[in-house]
Amino acid sequence: MSREDLLLIIGGEQGAGLETTAQILTYALTSKGYGSIADREYHSNIKGKHSYVHSKISTKTYPRSLTYPIQLLGCMDAETLFTHHEDVEDGGFVVYDVSIEDTNIDDIPSISHELKSAYKENDIGNEIIDLVHYLDEEKDIVPIPLDFQGLLEELQENFELSSSQASRYVSSILIGSVSGLIGLDKESLDKAVERKFKEKEVIAEQNKFFIEMISSKIKDEHGSPLKLKDSKMNKEKRLLVSGNDAVGMGKITGGISFQSYYPITPAADESFFLEEHGEEKNIVVIQTEDEIAAINSAIGSSLTGARSATATSGPGYSLMVEGIGWACMNEVPVVVTYYQRGGPSTGMPTRGGQSDLFSALYGSHGQMPKIVLCSGDHEEAFYDAVEAFNLAEEYQIPVIHMLDKFLANSVVNMKSPDLSQVEIRRGDIGGSKDYKRFADGPISKRAFLGQEVMWYTGSEHDEDGNVSENPGNRVKMQDKRMKKLELAYENIPDDKKFKYFGPENPEFILVGWGSVKGVCLDTIEGMDCAYLHIWMFSPFPTESVKDILSKCEKCIAVEHTHSPLIKRSVAMNTGIIIDNEIVKYTGRPIYLMEVKRAIKDILDGDNRKVIEHGP
Amino acid sequence: MAHDYESDIWVDWCKGCGNFGIVTSMYKAFKELELSKENTVVVSGIGCSGKTPHFIDTSGVHTLHGRAIPYATGIKISNPELDVVVNGGDGDLLGIGAGHFVALGRRNINITILLHNNRVYGLTKGQAAPTLEKDVKTKALFKPNIQDRVEPLKLALTCGFTYVARGSSLDPNQLKELIVEGIQHQGTAFIDIFQPCVTYNDIHTWKYIQDNVEQLDESYDPEVKDDKENIDQVYEMLNDEDKIYTGVFLKNEKKSTFKERIQKILPGYEDTPPAKREIDQMIDQKEFEELFEEYFINRL
C-alpha cells in the first residue's frame, strides 16, 4: 500500500553535507510533482553542532505546516538518533551508520546535559545499539544499519578516489537510502543531482552512481515500504524557494535598485540573493559597516529617487530605529525587511519568534506614521516585497515588512507569481518652480535630489524643510504626517490588511499573523473554526476586526511569543480582549498536532497553552 | 544676499563663531566651481555645524548625530552626478560617527568632508570633544579632560582617505582653495578645519589659532607618486608639537574610486546608477522566468 504523504527528518553535524542531502531530495521529490515543505533547524555554529531538516512531502497538497511523529529518520551521526528517536512513529524507519552502534551518549560533547538526563530516565541503555534494540522491540521501528565505511570504500574502488575524496559522499548514502525506502525513481534523482552539481560533471556522475547503488541495495533488502503514490497535482509552474529567496524575487520585480545591509541571521541570505541575481537590473548591494549605516544610506539613496531597502533582524533593527524616525520625519519612502528571530538581546539567532511586532510598530522615539505589513507565507512574502515599495512611495513613509526565521529558512514549492497581478505605483512625483518639499500636504509632491533645490532635517521643519519650532507650524506638520496614516487606513482595501478563512459563524476563531498562517489553516480544516490572519498592523483594520471578533464567543490568539502581541494590538485598536492564547517560544516551529491538542484543552476550559515540542 | 550661494535663513551661530569663516569659504568655493544648485547636496549631522545646509542655497540634508557620512554615501552611490559635501563637528564625525569615518576611508567615495574642529561640543554647552587634549580644562568643564585626543589627520591617513588637508576658519581664502581642490578631487577629500568656539572654548581661541597655525612649506609636495604613500613624513609634521600646519598633506589619485570599484562588479552601473533606473518598467512574466530560471521546478 503506498502513502499519500510522508514526514521525515535528516540530521547530522552542522557542515557535514546535510543541506546538500536535503536539497537533492527536495529537487527530486518536487520534480515528481509532490508538494514539499522543509524546515531547517540549526545552531549559531559553523561546524559540529546538531542540525536537522524536517520535511513533509505530500502527493495531493502543497503542505503549509509540519507535524510529528515522523515516519523516517535519516541519521548522519549518533546525536541525531539520540535526539530524534522519540519522534519516530511506531513502525517507522531509522537509517544509520553501523559504526555508531557502540557510541555512548555520554561521549558526545555536543549533546546538552538536559537531553542526556532526559534520555537516561528512560533506562534504555547508553549506547546506540541499546537504543536500536529498544526501538525495534518496543516500538516496532525498523532499524536500517548501513556500513557507511564499506560503502564508501566500494565507491572509492570504482572511481579510484582517495579516502578523503570518498568521505564527501556520505550525503549520497542518505539520499540513496531515503529514496530507496520511498521508491523514488532513478530519473528524478539523476536530474536532481545534475541540477545540484551543474558544472561538475564528474562529481555528478559519481553521485548518481552511488545514490543508485544504495537505493537499489535498500530496495532489494527492504522493498520500498514508504512508497509514495503518484502526484495528484496539476503541472502548473512552481518555484523551489526559501522565504529569503521569495523576498529577493519580490524586491527585484518591484524595481529595487539599492540595498544596504550588515550581515545578520536570518536576513543576510536575502542580500546575497540580490547580489547574485541583481546584476542584470544594476542593483547595487552594499555591505555597510553597521546597521546604522545600512538604514541611513538606504534613506540617502531614496532621496535621489531610487527604490531602496535594507534587510535585518531584531538586533539590527534596534540599531536602525533612529534612522526610521528620520525617514518618517522627512517623509522618505524606504523599505526595511525585518526577519524576526528569538529575542531579547542576541536571544536565539538561528531560531524563530514573533516578539518584535511592537519593536517594528513603536521602536523609535516620537509619534510617527509608518506602514507595518507582515507576510504569512512565501507567496505573500513575494507580493508584499513588491507592494512595500508601492506603499512607501505612495504615502512617502517607511514600510516595515515583517517576516521571521521560519519563513526565511523554510523551503517550499511556491506557485510561480502571476505578474499581471503586480503593479508599480510611485505616488505623486515631480518638481516645480519654487519647489517646496513639504508643501500641500498631507502627501506633498516629491522631487528627488538633483531635480530641485530642497532641504531635509530631522528637526521639526516648515514647508521648505528648514528648522522651525513655531507652534502653529508644529501642529500643521505633525498633523500632515499623521494624516497620511489615516489616508492609508481609508485607501488600502481591507483585503490587503487582513484575511479571513473558514466558515461565517464558527464555534471559535484563531487569530494570528505571520508564519503561523500555515499551521492555523491546516488546523481549521474540517473543524467548525475560522482563522483571522492580520496582514497589516499599521494601519490596523480596526472596524473589520472589531466586527468579526465581536460576533464570536471564543477567540484564540496563536503566536510565537511568551505574551501574545496580537492580543495587545487587537485590544489597543478595537477594545476587544481575546481571552485565550496558544503560545510557543522555544524558537522551534509550531506543529499541527500541538495546536490541535492545545485547542482541545482550551475548549475544555484552559485559557493559556504553552507548547514546546521539537528538539 | 551677499553671496550667490547664501540662503535667506538667518544664521544663528554665536557672534564671532569660527563657522562663519567655514560657510563663507563654502560660498566662495561653490561660486568658483560654478556648482549647480540642484546638483549640489550639503549633508550634515547634529550640532552647530549641522545647521550649515540651511544657510546654503543648494540642496541640504541635515541628518542625525554622527550619521552624515552614511546619508552622503547612499546619496552619492545612487546618483554620482551630484556633488556631495559633508559638514560635521569633531564630536559628530570622530566621536559618535567614528565608525562611519573609518569605513568611508576604505571606500574612497567621491565626496568632500569638512570637519568643524573646535575641540568641544558647543551646542550642548562645551563638553570635551574627541579632539580635545588630555589634562586640558576648558571653561565649561568641571574637571580637566581625562581622555586622550585623536588626531583627525592621522586617523584619516590610516583609514585610507586620498585627499587629506587642514585649514582654519582664520584663513577663509586658503580654506576656499582647499574646498575647491577637495571637491575636484576624485575620491574622498577630508579637510580638518581648526576653528574657535567663542562661547565654550577659552583655550583654542582666535589668538591661539593665530599663534599656532602655520602653512605647510611651499616646497612640500603632497602628491602620491608610484602608488606609494609616504605617510611617515606626514606623521612627522603632525607630531610637531609646536606647530599646527595647514595645507594639503596628502593627495593620492592612484587609488581607485568607489564608483570604479562598483563599476567593476556591476558593469551597468555607470549608465544606470540606482537613481536613474526606470522603475515604472515592470519585469514581465518572460523576463521573470529567465531571471530566476534556476529556481523553477522541472516537473518530470
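This is a predicted model: local features need pLDDT of at least 70, side-chain atom pairs count only at pLDDT 80 or more; totals for chains, interfaces and linings use all residues.
Q: How much area do chain B and chain A bury between them?
A: The size of an interface is often given as the accessible area lost when the parts come together. Here chain B and chain A bury about 5800 Å² between them, with 61% of it on carbon and sulfur atoms. Tyr295(B), Arg299(B) and Leu300(B) supply 14% of the area that chain B buries against chain A, more than any other three residues.

Q: How many residues does each chain bring to the contact?
A: Chain B brings 58 residues and chain A brings 80 residues.

Q: How many salt bridges are there between chain B and chain A?
A: Side chains of opposite charge can pair when their charged atoms come close. Between chain B and chain A the count is three salt bridges. Glu289(A) pairs with Arg107(B) in a salt bridge whose closest N and O atoms are 2.6 Å apart.

Q: Into which domains is chain B divided?
A: Chain B has domain 1 (2-259) and domain 2 (266-299). Taken over C-alpha atoms, the centres of domain 1 of chain B and domain 2 of chain B are separated by 41 Å.

Q: How much area do domain 1 of chain B and domain 2 of chain B bury between them?
A: Domain 1 of chain B and domain 2 of chain B bury about 500 Å² between them, 59% of it on carbon and sulfur atoms. Ile77(B), Ser78(B) and Lys259(B) supply 66% of the area that domain 1 of chain B buries against domain 2 of chain B, more than any other three residues. In terms of contacts, seven residues of domain 1 of chain B meet six residues of domain 2 of chain B.

Q: How many salt bridges are counted between domain 1 of chain B and domain 2 of chain B?
A: The count is one salt bridge. Glu81(B) forms a salt bridge with Lys276(B), and their closest N and O atoms are 3.6 Å apart.

Q: How many salt bridges does the whole structure hold over all chains?
A: A search of the whole structure finds 62. One of the pairs is Lys229(A) with Glu4(A), at 3.7 Å between the closest N and O atoms. This pair links distant parts of the chain, 225 residues apart: Lys229(A) lies in the loop between α9 (201-222) and β7 (238-242) of chain A, and Glu4(A) in the segment before β1 (5-13) of chain A.

Q: Are Asp494(A) and Lys497(A), which meet in a salt bridge, buried or exposed?
A: Each partner is read from its own relative accessible area. Asp494(A) is partly exposed at 33%, whereas Lys497(A) is buried at 1%. Their N to O distance is 3.9 Å.

Q: What of Lys225(B) and Asp221(B), which form a salt bridge?
A: The closest N and O atoms of Lys225(B) and Asp221(B) are 2.6 Å apart. Lys225(B) is partly exposed, with a relative accessible area of 44%, and Asp221(B) is also partly exposed at 44%. Elsewhere, salt bridges that share partners join Asp39(A), Glu41(A), Arg351(A) and Lys405(A) into one network.

Q: Which residues form a nonpolar patch on the surface?
A: Leu170(B), Val198(B) and Trp206(B) form a nonpolar patch, with about 210 Å² of accessible area together. Leu170(B) sits in the loop between β7 (163-168) and α6 (172-184) of chain B.

Methods:
Residues are numbered from 1 along each chain as its sequence is written. Chains are lettered from A and ligands numbered from 1 in the order in which they are written. Side-chain values use heavy atoms; hydrogens and water are left out. Patches are made of residues with over 30% relative accessible area and no salt bridge: like charges are joined within 9 Å, nonpolar side chains (Val, Leu, Ile, Met, Phe, Trp, Tyr) within 5 Å. Accessible areas come from the Shrake-Rupley method with a 1.4 Å probe; for residues, only the protein chains shown count as cover. A salt bridge is a side-chain nitrogen of Lys or Arg within 4 Å of a carboxyl oxygen of Asp or Glu. Helices (H or I, at least four residues) and strands (E, at least two) are DSSP runs, numbered from the N terminus. Domain bounds come from an automatic or database domain assignment. Contact means heavy atoms within 4.5 Å. Buried area is the accessible area (1.4 Å probe) that two parts lose on being put together, summed over both. Buried means under 20% relative accessible area, exposed over 50%, partly exposed in between (1.4 Å probe, protein chains only).
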